[in-house]
Every structure is written in structure tokens, then in C-alpha cells.
Amino acid sequence: SEMATMMDVPVTKIISACMSLGMMVTMNQRLDAETISIVADEFGYEVEFVTADLEESIDREVDAPEDLEPRAPIVTVMGHVDHGKTSLLDYIRKENVIAGESGGITQHIGAYGVKLEGGQKIAFLDTPGHEAFTAMRARGAQVTDLAIIVVAADDAIMPQTKEAISHAQAAGVPIIFAINKIDKPAANPEKIKEGLAQMNLLVEDWGGKIQSHDISAKTGDGVKELLEKVLLEAELLELHANPNRRANGTVVEAFLGKGRGYVSTVLVQNGTLRVGDYLLAGQHSGKVKAMQDERGNNVKEAGPSTPVSVLGLDGAPQAGDKFNVFEDEREAKTIATKRTQLQREQSVRTQRHITLDEIGRRIALGDFKELNIILKGDVDGSVEALTDSFQKLSTEEIQVNIIHKAVGPITESDVLLASASDAIIIGFNVRPMGNARQIADKEEIDIRTYSIIYDAINDVKDAMEGLLSPEM
Ligand code: GDP
């Protein structure tokens, strides 16, 4: 109905235009950008979307090489449940790996920084697990530089260990293994390394390039050396930032604090954030009234790779929202308000993920180079057989990547990974579990389930050849 008013045509005409596109709509329905363009075109109008302009005033200037300085690595800890992620983060937080700091970190702000004896710093994201990591990535935030994957030496490589590995690899984040619980009599670190080798992950002791260290998160044995390996690995990444610019970064968490207003923990990724800056974070804005570090100290500024909790935003942004600093308070507020409006109006998401049906069209457009697949099956044999067959479908134009494969039902975590990596999910004799289907519908992730191997291979092959008839 809004479109009808804007173009001054009867609303019934818009509805029938939509019907001719195969869409049954009501007058109150929201249309996606593509439909709006096509319908408007039929009535002789051209559509201009204003969303893009809105973000123009955000400082996206690329830094000159001479302005860059080394920055500390930002690390996420992942691994199977009960293998010791929280214990490791707690040990690092509490123990005196922090040179020249009396007392440990008392505040829980979602991220913390530590300083090693040599003066080097590391920032840790304090929400362990690959779900949090990938949820942020699905929102477009790539915060982590390195992943520590914890594996209990008295256990084995478990399903979530494999998931964590796939999630880190899909994000292109280097992995360091922490083989944990070596204080336990039943601990057998070699068995874990052997298991990793079987997955083609060769750690250094086994002649490979992947760093690993045996630790006990309980006694602290090996933790210092693990962190030194983190720094070594980080050096290879040549992490840099420009402290002398307006800050930007990512929101780690936010909540309404008792008597303090909204408290948001942000991780500065570039520039320096200062008290008094005008901040825009997701759909919220405000002047930074005060900042605190993880030790509860008030700080006046926070440079690259530093987490701080910020007071002064007019709401709680979401984890994974980007933040930027503005010269002008009004400008930050205007964008925040417009983003809120847009969010309210966009019941239909405009960002679409790849589907098998769409591959042919995207190939024709020439912008499709890689097909990412997450493969879940009922038994190892079928998963391996399908992996082989899918990989053989790769052509010069399109590379087929199996970014994660495992035995078991399709989980929420699979859907998140698909969303973050623009992948399709293929299930062989397995179905989506729990909320996975619902989230997939919301995120528009294509889940295909098969019970005949031949059908699965043929569908992917046909899709790549642009032959797949749309699924009804
Ligand atoms: P998470 O689920 O990966 O965060 O695992 P937790 O850190 O909660 O650890 C699970 C259990 O293993 C807890 O009871 C810990 O006390 C124990 N644990 C963790 N690390 C070690 C370790 O190095 N040695 C021993 N003996 N127990 C550990």
C-alpha cells in the first residue's frame, strides 16, 4: 500500500503485479528490494534505495602503511564441553601472568587483556565456544585473530572439537591446540595428537606446522608457554592498527546496569576511543561518559586490541554490532535512528544466502566462485563417500568446499556456520534438530536432506551446471 501511494496507482494493481511474479501478497506486506524494483519498473518508476547513503558518513578511510603500529592479538577459546575452556580463561584471568599488575581481573566485561612478563599483550574474548564466535561472524564481525582449541587429554577428539576446528578454519583463523588436563593420571596427550593427525592436522611434535601445548588449566602447568606460542603465531600474522585515528571496533556485550544506564563492552580494533567521543554502535548512539577496563579502573582512552566497558549509549547494542566514532553527535544519532527505522521496516531480510536453486543464476552473473557445503550424515561411510563425490564436482570455475562434515543431525551451530560462511547444508539420512530449521528459515539457509547418495550428488551437479529446476 505504501508503494501504491508513492506511485499513485491503485493498490490492487500492485498486488496483481506481484501475483504475476508468483507472489501472493496482502496490502500490508513488506516486499524485498528486488521485488520492489521489478514492480516499480512495471509502472515506469525507477527505485533509489537510500540505505546505502545512510552509512556514507562513517569513517572508512584506509590507513597509510606508515601510520600503522603493531597491535596485540585477539584470541577466542573454543572446544568441546567440559574440556576446560572456562577453566583456562579463569586461570589466565586470575593468575599472575600479568606483569606489574597487582591483583587479578575482577570484572567480567566479556573480554579482557593480559600483559605477559615480556610486556607483550593478548586480548581474550571471554565468551568461550564456537557458537558465540560464529554468531558474531554471522553478523559480519570478524574479531578473532587466533583460536585456542582446548582438548582434554583424558578424553578424545569430540564432536564439538571437530566443530570448533571447522568454525575456526571457515573463518580463516589460525588454531593453537591446548591439550588440557595433563595433571590427570588418565591423561594421554599423544593420543589426542594422533587423533588430530588422523584429521590431517599435524601439530609440531608430529612434524607439522600447527602449534600445540600440553597444559593443565587446574594447576597452570604449561599455560605460560601456551601464551608464548600464541604470541609466536600472532607475530606471523603481522597484526597492525593505527592508534591515531577515530576508533572503530565491535561490541562484545551490552546490558542495562543498575543505576549506571547502558553498559557496553567494546573491543577497539582500530584507532583510539576516548571519553567524550560520540559513538554509534548498531542502532544506538551516545557520548562516551566514562570507560572502565576489566580491573574496574576508570580509563580515559583505549587503543587498538583493548576491551573497555563504555557508559553513555542510549541503548544496548547487540554482540557483533560494529561501532564507530563520529565528530558530530547529531550525525551519529541520525544514523542510529534511521537504522532502527529500517530494522523495523525490514521484516524481510535483504541479505540472502546462497541456495542450490540460485547457483545457476549466480554462475551466469559470473560472481560465483566457491560453493561451500556443510555435510551431515548418519554414518561415517556415507559422509566420506559424499565428501569425495562433492569435491570431485569442482571445476575450473567453481571450487566445491566441504567446510564442515560430521556424523549427526543438523544443529543450530551448523546453521550459524552456514550463515557466517554463506554455505548450504546437506543432510544424508539426518534431519534438522531443535531450532535448527526455524533459524535456517529466518536466516534463509538452504537445507537439503537426502536418503539416496546419487540424488544428493546429482542435485549439486545440476545446480552447478545451472540445470536444477526450482524446488516448489
Ligand atoms: P568448559 O565446559 O570447556 O568450559 O569446561 P570447564 O572449564 O567448565 O571444565 C570442566 C571440568 O573440568 C571442571 O570440573 C573443571 O574443574 C575440570 N578441569 C578443567 N581443566 C582441568 C585440568 O586441567 N585438570 C583437571 N584435573 N580438571 C580440569
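Which residue in strand 22 is the bridge partner of Phe428? I began my notebook with this point, keeping in mind that the model is predicted, and I found that the partner is Tyr450. I then looked at the two strands as a pair, and noted that strand 21 (residues 423–428) and strand 22 (residues 447–450) run parallel and are joined by 4 bridges.

Next I turned to the open sheet of 8 strands, for which I wrote down the order 13-12-18-9-10-17-14-15, with antiparallel pairing. I marked strand 13 (284–287) and strand 15 (298–299) as its edge strands, since each pairs on one side only. Within this sheet I checked strand 10 (residues 261–270) against strand 17 (residues 306–311), and found 6 bridges joining these antiparallel strands, with Thr306 of strand 17 as the bridge partner of Val268.

I then went through the salt bridges, of which I list 17 when a side-chain nitrogen of Lys or Arg must lie within 4 Å of a carboxyl oxygen of Asp or Glu. I looked up the one between Glu327 and Arg246, where the closest N and O atoms are 3.8 Å apart. Glu327 sits in the loop between strand 18 (322–326) and helix 10 (329–345), and Arg246 in the loop between strand 8 (240–241) and strand 9 (248–257), so this pair ties together parts that are 81 residues apart in sequence.

Methods
Residues numbered from 1 in each chain as written. Predicted model: local features only at pLDDT ≥ 70, side-chain atom pairs only at ≥ 80, totals over all residues. Heavy atoms only, no water. Pairing = 2+ DSSP bridges.
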